[in-house]
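I opened this notebook to record what I looked up in the model, entry by entry. I began with strand pairing and went on to packing and rings.

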Amino acid sequence: METRFEHVLIGDIGGTNARFQLAKVTLLQSEPEIIHSENLRTQEFTTIDDCIRAFLKPYVGTPQYPKIACLGVAGPVDNNSAKMGNIDWGRFYGDELSKTLGIPVFKIINDFEAIGYAILKVDIKNDVIVLNQGQARENAPITVYGPGTGLGYCNLISTPFKKDENRYYVLPGEGGHVVAYAYTELEFEYLQFVKKTWPTQVEFENIQCGPAIPKLYEFFKNKRGVAKTKLEEEIPAFQSSDVLTYGMQQKCEVCVDALDLFLALNGREAGNGALRMLSRGGLYLVGNLFNYLGKYLSENKDNAFIRTYFERNNVVKEILENVPVFIVTKPELGLLGAFVESQRILADTTSEQA
């Protein structure tokens, strides 16, 4: 059982890029043995079938053609099918892809669900920045939180799989689409500012993710009555990352304000997520934004994220003090998570054949 392997198609597919790996997978690997990897532009293909075929074309009819596929996709997944929001591929089904592509087992999972499974391969000594040491409890729930283009949210729970083994399962969700609320007067002002230009109800991911950084900047620029900020004087065509940099370096008051509220909103909601699940196994913060802010957050212990994370009554604060909080620095979590799920598929098919 330990030496059995299969060739597996692993994928992480977003609205812009489809990242694929063809790998040799065994049950005991910590990472896949990659045979071939490639990033393809999703907009160049009219269907997901065509995109996968383009990657696998050199291996058709060879022993390396995959027997298992596991793809993490950016969009809600239901009953092994998905419809992505940022590309017009329609709804696609794992069972149909299995037949048309000749891959016996074809699993589709949400991209943030894949990131949840990747957390199981994270090395606490080497792959994280510690924001709160806490006291992790074995087999306790874990929460994964990541503001990027949208707000990713998932939880992991441990349930008995066999007599001698516990196994974590990811509970995917769409927490970023929960209707946003304001806690302070400043947050209420900001929420009203966003609502003026937003056609539908305002969700969490509309106010505290990457695309919200320009909104935060404009909100505080208007609030301060500034015609031209120092950032605009020095970098006329600035990007969101520049707003964060000037905020961290305290080079621009508007940027400092924007960074502070961005962190405050995320600190409170991340803490809420940890409380909802009593995530004594840890709160893992993922994505490029947290990696960009990691050094600043670890060196400035009184930052707004930590402040609002712990801003609770004494009983609840004590719970959160015991929850480890990590920024995950390990790259390509989506692909790694799809690999972890492919190992589980391999384990299940192996036990069925035993």
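Entry 1, the sheet. I looked up strand 1 and strand 4 and found them paired in the parallel sense over six bridges, where two strands pair if DSSP finds at least two bridges between them. Helices (H or I, at least four residues) and strands (E, at least two) are DSSP runs, numbered from the N terminus. I note that this is a predicted model, in which local features need pLDDT of at least 70 and side-chain atom pairs count only at pLDDT 80 or more, while totals for chains, interfaces and linings use all residues. Residues are numbered from 1 along each chain as its sequence is written, and side-chain values use heavy atoms, with hydrogens and water left out.

The bridge partner of Ile10 in strand 4 is Cys70. Strand 4 also runs parallel to strand 7, joined to it by six bridges, and there Ile68 has Val105 of strand 7 as its bridge partner. I then checked burial, with buried meaning under 20% relative accessible area, exposed over 50% and partly exposed in between (1.4 Å probe, protein chains only). Six of the six residues of strand 4 are buried, so the strand is largely enclosed by the rest of the structure. Ile68, Cys70 and Gly72 point one way from strand 4, and Ala69, Leu71 and Val73 point the other way.

The open sheet has five strands in the order 3-2-1-4-7, with mixed pairing, and its edge strands, each pairing on one side only, are strand 3 (33-41) and strand 7 (105-110). Strand 2 (residues 17-26) pairs with strand 3 in the antiparallel sense over eight bridges, and Asn17 stands opposite Arg41 in strand 3. Helix 1 (residues 48-56) packs on this sheet, and its direction makes about 55° with that of strand 2; for helix 3 (residues 111-118), which also packs on the sheet, I noted about 95° with the direction of strand 7. Such axes are lines fitted to C-alpha atoms, for helices over the stretch in contact, and angles run from 0 to 180 degrees between N-to-C directions.

A nonpolar core is a set of buried Ala, Val, Leu, Ile, Met, Phe, Trp, Tyr and Cys residues joined through side-chain atoms within 4.5 Å. The largest has 51 residues, and among those touching the most other members are Tyr190, Ile207 and Phe305. Helix 9 (residues 253-277) gives the most to this core, with eleven residues. A second, separate core of 35 residues includes Tyr168 and Leu333.

I found twelve aromatic pairs, counting rings of Phe, Tyr and Trp (its six-membered ring) with centres within 6.5 Å, and calling planes under 30 degrees apart stacked, over 60 edge-to-face and the rest tilted. Tyr145 and Phe290 form a tilted pair, 6.5 Å centre to centre with 55° between the planes. Tyr145 lies in strand 9 (residues 142-147) and Phe290 in helix 10 (residues 288-299), so this pair ties together parts that are 145 residues apart in sequence. Tyr145 is buried at a relative accessible area of 0%, and Phe290 is buried at 3%. Ring pairs link Tyr145 and Phe290 with Tyr153, Phe305, Tyr309 and Phe310 into a cluster.

Key: Contact means heavy atoms within 4.5 Å.
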